[in-house]
Amino acid sequence: MDHAVVLTQIKDYFTYRVLDGVEEELEEYTPLLDWGFINSLEIAHLVAFIHETYGLDVPPEKMVPAVFQNLHTITAMVMEVSELAVH
């Protein structure tokens with residue numbers, strides 16, 4: 001799994017499913033929680049997207065606010081869960 005590809009896919013997810021196609025302010029370190037771009041319902045949808053797209057189940061210990069702070073932290077979590085699934 002390539003980090004840049006996952007980051008782009010997660011950004012596209014937010015751009016089109018959460019922000020209705022508006023990406024002008026969405027960067028890798030945009031504070032998603034602080035700016036209200038993500039809430040508990042959106043996290044549930046994102047976790048479903050991760051499962052559908054990558055075949056990964058996000059473990060309960062990763063369901064914490066720190067993981068969903070920005071696109072970078074979400075991508076890092078996907079990469080980490082992917083690595084764990086391989087081993």
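**Helix packing and selected residues**

Reply: In this predicted model, helix 1 and helix 2 cross in a right-handed sense.

Me: At what angle do the axes of helix 1 and helix 2 cross, and what does that make helix 1 relative to helix 2?

Reply: The two axes come within 12 Å, and the angle at which helix 1 and helix 2 cross is roughly 135°. Angles over 145 degrees would count as roughly antiparallel and those from 65 to 115 as roughly perpendicular, so this one falls in the remaining class. Helix 1 is therefore, relative to helix 2, oblique.

Me: Which residues make this contact, and how many of them are nonpolar, polar and charged?

Reply: Helix 1 contributes Val6, Gln9, Ile10, Tyr13, Phe14, Arg17 and Val18, while helix 2 contributes Glu42, His45, Leu46, Phe49, Ile50, Thr53 and Tyr54. Sorted by class, the residues of this contact are nine nonpolar, three polar and two charged.

Me: Is Thr75 buried or exposed?

Reply: Thr75 lies in helix 3, and, leaving out residues up to four places away in sequence, Thr75 touches His3, Val6, Leu7 and Ile10. Its relative accessibility is 0%, and because anything under 20% falls in that class, Thr75 counts as buried.

Me: Where is Leu19, and is Leu19 buried or exposed?

Reply: Leu19 is placed in the loop between helix 1 (3-18) and helix 2 (40-54). Apart from neighbours within four places in sequence, Leu19 is in contact with Phe14, Leu26 and Phe37. Its relative accessible area is 16%, which is under the 20% cut-off, so Leu19 is buried.

Me: What is the phi of Asp20, and is Asp20 buried or exposed?

Reply: Most residues other than glycine have a negative phi. Asp20, found in the loop between helix 1 and helix 2, is not a glycine and yet has a positive phi of about 50°. At 68% relative accessibility, which is over the 50% cut-off, Asp20 counts as exposed.

How values were computed. Residues numbered from 1 in each chain as written. Predicted model: local features only at pLDDT ≥ 70, side-chain atom pairs only at ≥ 80, totals over all residues. Heavy atoms only, no water. Helix = DSSP H or I, 4+ residues; strand = E, 2+ residues; numbered from the N terminus. Buried < 20%, exposed > 50% of the residue type's maximum accessible area, 1.4 Å probe, protein only. Contact = heavy atoms within 4.5 Å. Axes fitted to C-alpha atoms, helices over the stretch in contact; angles between N-to-C directions. Parallel < 35°, antiparallel > 145°, perpendicular 65-115°, else oblique. Left-handed = near helix turned anticlockwise from the far one by under 90°. Nonpolar A, V, L, I, M, F, W, Y, C, P; charged D, E, K, R; others polar.
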